[in-house]
Every structure is written in C-alpha cells, then in structure tokens.
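Please open the model in your viewer and keep the selection tool at hand.

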Amino acid sequence: MSKLHVTTTINGEPTEFLCEPTQAVLDVLRDQLGLTGTKEGCGSGDCGACTIMLDGRMVCSCLVLGAEAEGKKIETIEGMAQGDHLHALQKKFIEFAALQCGICTPGFLMASRALLERNNNPTETEVRYWLAGNLCRCTGYDKIVRAVMEVAADMRGAAR
Amino acid sequence: MTDISYSSPKTIDEAVAAMVAAKGAGRILAGGTDLLVQLRAGFVKPGSIIVDIKKIAEMTSIEDKGGGSFKVGAAVTGMQLHDHPTFKKAWPGVLEAINLIGSKQIQGRASAGGNLCNASPAADSVPALVAAGATVTVQGPKGRREVAVEKIPAGPGRMTLEPGEIVVSFTLPARPAGSSDAYLRLIPRTEMDIAVVGCGVNLTMKGGICTAARVGLGAVAPTVLLVEAAAKALIGSKLDANALEAAAAACRAVCKPIDDKRGTIVYRTKIAGVLLKRATAIAAERAAKN
C-alpha cells in the first residue's frame with residue numbers, strides 16, 4: 001500500500017507529510033515530524049498523555065489517523081510557549097511543582113488550556129472532571145488542580 | 001498491517017459502494033475511539049478497508065427540527081452535541097448518556113453512531129436513545145430504511161445490519177409539553193468506567209399523571225433492552241411508590257446479566273430496579289419544568 005499524502009496545519013505552520021493508512025497522528029508527530037513533546041502513554045485513549053487539539057477539539061492523538069488530519073488544524077504542546085515566553089499554565093506548573101517525571105505534563109497542559117479557554121471560572125470539581133482523562137502517577141493530582149485553579153483566578157483578575 | 005487501506009468518501013452513496021466493494025472487510029471510521037484501539041492492538045484484519053465517514057456532511061451535522069425533534073448524524077461527537085444551543089434542553093437524558101462515554105478527549109471524537117455500532121451491551125448512549133424512541137436511518141445497497149434503535153444490536157459486538165449497510169443518522173421524535181428524560185448508570189467509581197447497569201427513562205407528565213413512558217436498560221442482557229412492562233407500570237400513575245415498585249420489578253424481571261468483576265448477577269438485577277426509580281424521579285422533575 002502506498003503512503004498517503006496529507007496537508008495540514010500544525011501550530012499555525014502549513015505542514016505536509018506522508019503516512020501509512022494505519023499510522024496515528026501521534027506517531028506522525030513524534031517519528032516523522034520530530035515533535036516529541038506529545039507523549040505516548042497507553043496508546044489506547046485512556047491516559048491523555050498524547051492530548052492535542054484537532055480543529056479546536058481536544059483529542060487523544062493515538063486515536064486519530066494521520067490521514068484524518070487532511071485539511072485540519074493541529075495544535076500541540078510545542079505551540080504553547082511563545083519562544084522563551086512560557087504560557088501562564090506552564091509557569092504555574094513549575095511554581096507549584098505540578099509535575100515530577102513529566103510524561104503526563106504536555107497532555108495536562110493541553111487539556112488545562114482547553115478548559116480555561118472555555119471556562120475561566122471552573123470549580124475544583126469541574127477541573128477534576130475535565131482532567132479525568134489525563135492520568136498522573138507522580139503528583140497525586142492536587143498540585144495540578146491547584147495550579148489550574150490559580151491560573152484561572154489570575155486570568156479573571158487580569159480580565160477585571 | 002500495511003495492506004490495510006483508508007478511504008474518505010464524500011457522499012453516503014460512495015461510502016455504501018466502498019462497503020459493498022470491501023465484501024465484509026470494510027470498517028467504518030467515525031470517531032475511531034474503538035477502531036483505532038483495535039488497529040493499534042493488531043485486531044483489524046489485513047486487507048481491511050477503513051471507510052472514514054466524517055467528510056460526509058449528513059453524518060456530522062445536527063438538525064433541530066422543532067418541537068423537540070432532532071436529526072443527529074451518526075458521526076456527531078459528544079462535544080458537538082454538548083455545545084449545541086438547543087439539544088440539551090430538549091433531550092437532557094440522551095445528552096448525559098452520550099457525555100458519559102469516556103474522557104473529554106474521547107468526547108471530542110466519539111459518536112452515538114459508533115457507540116451503537118460497536119454493539120456493546122453496556123453502551124451508555126443506547127439505553128437513553130431507546131428510551132427516547134429514537135430511530136436510525138440506515139442506508140445500504142437496497143436504499144434507505146428507518147429502524148428503531150433497539151432493533152440494531154443483535155448481541156455483544158453484533159448488529160442486525162445487512163452487508164453494506166451504514167447507520168447514517170438518529171431521529172429523535174417531537175414530544176409534547178411536560179416531557180423529559182434522564183439516564184443513570186452505576187459504575188464502581190465516579191468516572192471512566194463501563195456501566196454495571198445503565199437505565200434511561202423518558203416521560204410525559206400531564207396534570208401530575210404519567211401519560212407516556214419508555215424505559216431502556218443497559219448492561220443487564222446481551223443487548224440493550226426496551227422494557228415495555230416497566231413503561232406500562234408507570235403510564236396512568238402519579239409515579240407513586242406502588243407504580244415505581246411495579247416498574248422496578250418489571251426491570252428486574254427482564255435482567256439476564258453476566259457475572260463479572262464489575263457486578264454479580266444478583267447485584268446487577270437489584271440495581272436495575274434502583275436506577276429505574278432514581279432515573280424516573282429525575283425525568284419527572286425535569287418534565288415538570290417543561
């Protein structure tokens with residue numbers, strides 16, 4: 001089977017790649033495009049480590065075929081910081097030590113940003129349910145949840 | 001795995017033609033939250049043809065037809081329905097059932113069409129759609145037909161669809177004032193698990209009397225069940241304790257569940273009655289506001 005030619009946009013950059021019909025976006029990002037910020041955890045949509053945005057929707061990139069990215073807009077963790085300027089969530093995760101080994105962190109950051117773009121005043125329960133598709137074996141989640149709540153509060157403060 | 005191919009037809013006719021040409025080796029790709037897992041685990045047979053239906057507008061659109069009636073494309077995602085301006089008010093039970101499937105990431109992809117066609121007895125959206133009285137539009141080589149949702153599953157992982165047939169959309173019927181619905185499931189934790197029992201209830205109330213009801217039960221038999229005896233026990237009543245107990249008993253009576261780590265036969269059967277009562281109470285409370 002010949003490879004499929006896919007034209008897409010990744011973090012605002014028009015991008016083309018060739019992929020196998022069965023290859024997931026996750027593998028295209030990591031193995032072909034060198035965008036290794038997106039991590040593979042379970043490979044079955046349970047852990048959220050491979051979370052990306054696909055046309056503005058949060059998805060597990062292990063469960064999206066490369067071919068499906070044709071004509072779509074992909075956002076990955078590499079697009080979160082602007083040069084050396086970290087996103088508020090990235091800064092707060094560092095400040096609150098909301099990570100240890102770091103494998104889950106890109107997924108948590110992508111998911112947290114998606115939440116705060118929809119709702120900058122979530123309750124703790126809303127944060128925990130929104131992030132229920134992201135697994136972390138290091139932090140016990142509390143530091144992550146507190147970091148997200150704090151950034152939300154900062155956003156509301158800045159908007160006032 | 002390299003000889004698995006991918007196609008993305010632009011029309012339903014093309015998709016049906018692709019499924020017919022595949023001679024049983026066609027695999028429909030909607031949200032991919034089941035298919036990609038099977039693919040990565042090596043469970044999709046060599047020679048399979050993946051038919052991605054998301055380039056077909058009818059498969060991915062939601063149409064509010066007024067009076068509570070909706071047409072929902074088979075590949076419409078949970079998040080798309082969640083964000084729809086009028087769907088939640090019209091069918092809160094159907095929406096809460098669909099939105100219980102997996103995480104927010106899964107919701108960004110997973111569809112009610114995929115949930116139905118994966119044909120798990122524990123599918124969360126199916127009991128709610130059965131309770132809603134939803135029908136599906138199916139298209140195949142012989143044309144289109146309308147089928148009640150409960151007629152699609154044939155057993156775990158099996159459907160009554162003919163070769164080459166594809167589920168195109170769901171139609172939710174219009175409902176009179178005083179109607180609403182609810183879905184409850186029991187899982188051993190608070191999120192991210194498979195139903196031990198799922199129960200959808202759809203009610204119409206008039207002057208405190210239940211004038212119409214449908215009940216769907218999941219995870220207690222090889223297919224999701226429409227429990228007509230439970231509905232009959234509710235209709236004509238004020239949803240008093242006797243009527244609720246009669247409906248709960250009707251739910252328990254149809255249970256033929258499996259015994260597994262999530263729940264024993266005795267437990268699943270008992271819970272079916274409990275969820276019927278609780279879901280009925282929620283649906284009635286919502287109906288009173290409509």
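The model is predicted: local features need pLDDT of at least 70, side-chain atom pairs count only at pLDDT 80 or more, and totals for chains, interfaces and linings use all residues. Residues are numbered from 1 along each chain as its sequence is written, while chains are lettered from A and ligands numbered from 1 in the order in which they are written.

Select residues 4-79 of chain A, which form domain 1, and then 88-159, which form domain 2; such bounds come from an automatic or database domain assignment. Their centres, taken over C-alpha atoms, are separated by 22 Å. Domain 1 of chain A brings 13 residues to the contact and domain 2 of chain A brings 11 (contact: C-beta atoms, placed from the backbone, within 7 Å). On the domain 1 side, strand 3 (residues 51-54) of chain A gives the most, with three residues (strands are DSSP runs of E, at least two residues, and helices of H or I, at least four, numbered from the N terminus).

Next, select helix 3 (residues 105-118) and helix 5 (residues 142-159) of chain A, which pack at an angle of about 35° with axes 11 Å apart. Axes are lines fitted to C-alpha atoms over the stretch in contact, and angles run from 0 to 180 degrees between N-to-C directions. Show F108(A), S112(A) and L116(A) of helix 3, which meet residues of helix 5 including I144(A) and V148(A).

Finally, display both chains: 24 residues from chain B and 26 residues from chain A make the contact. Which helix of chain B supplies the largest share of its side? Helix 2 of chain B does, with four residues; select 35-40 to see helix 2.

Technical notes
Contact = placed C-beta atoms within 7 Å.
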